[in-house]
Structure formats: C-alpha cells, structure tokens
Amino acid sequence: LGIQHPPLVPIMNGIAMQILGEGIIVLRLVSLVFGLGTVLIIYELGRELRDPKTGLLAAFSFVLFPYFFRLSAAASNDIQVTFFGVLTLLMAFRLLHTPTTTTALLGGFSFAAGLLCKYTLLLLYPVLLFLFFFDNRFKAVRRRLAVLLSVSAMVFSAWLVFGYAIGLFDLQTTTLSKFASSQTSTPWAKWMFLEFISTRLPSALGLYNIPLVLLGLLCLVRATNDLANRFIFVWIFIFFAAFSLTLPDARYCMPAFPALAILMADALVRIRQYRSNIIWLLIANCASTLYLFVDWHRSSHLFIGGYLNQMP
C-alpha cells in the first residue's frame with residue numbers, strides 16, 4: 001500500500017500473480033486490461049451523453065493520448081481508478097432510462113472500487129452531487145442515485161475503519177495532507193505548476209490533440225445551456241482545479257481525461273470536410289510521439305530541476 005494508497009490494486013495484482021506467476025509483465029497486463037476496458041466504457045458514456053458517433057470518436061480520441069499508452073502499460077493504479085470512475089458515471093446516466101436498484105448498486109460498488117484504488121476519486125463525489133442537485137434530468141431518479149452514493153460511502157467507510165484499526169489511517173492521513181498542502185507551503189510550488197502546464201500536461205495529452213480539445217471546449221462554452229455540457233465542464237473543472245492547487249501532475253488528473261476525449265469528439269463531429277485527414281494526422285503524430293517517448297524517461301526539467309530532492 002505504500003504510505004498513501006488504499007488496498008484494491010495490490011490485491012488485484014496479487015491475485016493475478018497467483019494465477020499467472022510473479023513478474024512485472026503480469027502487473028502491466030492487468031493495467032492493459034483496465035486500459036482497454038476504459039476505452040469501451042468511454043464509448044458507452046459518449047453514447048449516453050451524445051450519440052454513437054460521438055462515443056466512437058471519444059473512445060478513439062482517448063487512445064490518442066500518450067498517457068493512455070503510458071499508464072495502460074504501467075504497474076500502477078492510475079488507469080484502474082480511471083476505469084472505475086468512468087464506469088460509475090456511466091451507471092449514473094444509465095439510471096435515467098434504467099432506474100433499477102441493480103444499476104444503482106453496480107454504480108455504487110464501481111465507485112467504491114475506484115475509491116479503494118486511489119483516494120483521488122473522492123473528487124467524483126462533487127461531480128455526482130452536481131447531477132443530484134442541479135441536473136433536472138435526475139429529479140425522477142434521485143433515490144436511485146442516492147443509493148449509488150450511499151453504497152460507495154459505506155464500502156469506503158468500512159475500509160477507513162479497518163485502516164484505522166490496523167494503524168494505517170494515521171500514516172496515510174499525514175502523508176496525503178503533506179502532499180495536498182505542498183503547493184502552498186513549499187518553495188518549489190509555483191515552479192511545479194509551471195512545469196505542469198508547460199510540459200507535463202501537454203506531454204500527457206499530446207500537443208497534436210490540444211487544438212481539438214480547445215475547439216471542443218469552445219463549443220462547450222458556447223452551449224452551456226445544455227445539461228450534458230454543464231456536466232462535462234464540472235467534471236473537468238473539479239479534477240484539474242483540485243490538482244492544480246494541490247499536487248499538479250498530469251497522471252492525477254487522469255480520471256478527467258475521458259471528458260477531454262469527449263471534447264475532442266465534439267470538435268471532430270463538427271469538422272466534416274477534412275475529418276478523415278485530421279484523424280490520419282492525429283494517428284501519425286501519436287505514433288511519432290510514442291517513438292520519441294519510447295523509454296518514458298524525462299531527460300530534463302524546465303523549472304523544477306533544482307528542487308527535485310525536496311519534492312515528495
């Protein structure tokens with residue numbers, strides 16, 4: 001668990017190694033399965049929010065992010081928390097036309113699984129509460145959505161009680177508090193933020209994708225009366241604002257990357273004449289980026305090189 005993580009990913013990795021044998025490749029394969037699953041869920045969520053074409057383009061756009069390849073092949077927990085986060089949102093929107101207890105329970109346990117992968121998914125609570133209180137479409141299914149939220153909270157609370165009983169809670173609370181306050185209490189904070197917006201986030205998204213993201217964002221801002229657009233904006237804002245103010249690193253924002261993929265899909269839907277050419281250009285740029293970053297080794301830093309030994 002280290003000094004800051006909940007237990008689900010180590011448990012899943014341990015089960016996988018019991019079956020397939022010990023080795024880093026097994027852990028990478030586990031992440032790959034979750035990465036591919038995330039792509040499928042983004043397609044389904046895009047269908048729920050927009051239409052099948054947008055869902056397909058959103059799934060395709062997500063694959064074009066360099067961080068998809070990096071985190072879907074890493075022995076880490078970032079793609080797992082992204083998978084469960086998007087699955088939770090999909091189940092929440094499925095309640096609109098399938099308002100059953102089963103759907104609510106699936107969403108609740110998915111949310112709980114994400115929280116047990118990484119504590120950062122706590123930021124999904126404000127996103128879901130936005131749907132609960134401010135999205136008129138959810139008025140008729142608020143009881144089911146409340147079930148989803150309650151189930152996730154109960155399962156997560158059980159882990160917190162257990163963590164406290166074994167003496168882990170105090171250690172992790174201290175660690176996470178230190179991480180969260182680093183942006184306001186350390187000399188390297190402003191330089192870390194500059195590093196985040198100038199190199200880390202563009203590298204994670206791919207420079208070639210940013211024009212489409214911005215175009216999709218422009219379309220979203222121009223149609224904020226649409227409830228789905230408001231939801232996407234809240235989803236993006238909560239995650240990126242929270243980590244910009246605490247620990248700005250692109251991988252922590254990964255649960256909001258599917259929302260950026262939907263923005264790209266919105267932009268591609270509006271570009272009809274040259275869409276196929278743009279798609280091929282994106283694929284070529286993605287391939288060249290993966291070639292250049294094949295070893296994923298950061299050779300230099302623009303702003304924080306002198307502070308690396310002070311950072312957590």
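1. Of the 312 residues of the protein, 49% count as buried. The structure discussed here is a predicted model, and the remarks below should be read with that in mind.

2. As to secondary structure, the protein is made up of 15 helices and has zero strands, and a reader new to the model may therefore wish to follow it helix by helix, with the numbering running from the N terminus.

3. On overall dimensions, the C-alpha atoms fill a box of roughly 60 × 50 × 45 Å when this is taken along the principal axes. A compact globule with 312 residues would have a radius of gyration near 20 Å, and the protein, which has 20 Å, therefore agrees with that expectation.

4. As to how the chain is connected through contacts, among those between residues at least 6 apart in sequence, 77% join residues at least 24 apart.

5. Two packed helices are described by the angle between their axes and the distance between the axes. Helix α13, covering residues 227–245, packs with helix α14, covering residues 257–270, at an angle of about 135° and with the axes 9 Å apart. Because of that angle, α13 is oblique to α14, and the crossing of the two helices is left-handed.

6. Which residues of α13 meet α14? From α13 they are Ile232, Trp235, Ile236 and Phe240, and these meet Phe257, Pro258, Ala259, Leu260, Ile262 and Leu263 in α14.

Notes
Residues numbered from 1 in each chain as written. Predicted model: local features only at pLDDT ≥ 70, side-chain atom pairs only at ≥ 80, totals over all residues. Heavy atoms only, no water. Axes fitted to C-alpha atoms, helices over the stretch in contact; angles between N-to-C directions. Helix = DSSP H or I, 4+ residues; strand = E, 2+ residues; numbered from the N terminus. Parallel < 35°, antiparallel > 145°, perpendicular 65-115°, else oblique. Left-handed = near helix turned anticlockwise from the far one by under 90°. Contact = heavy atoms within 4.5 Å. Rg over C-alpha atoms; globule rule 2.2 N^0.38 Å. Buried < 20%, exposed > 50% of the residue type's maximum accessible area, 1.4 Å probe, protein only.
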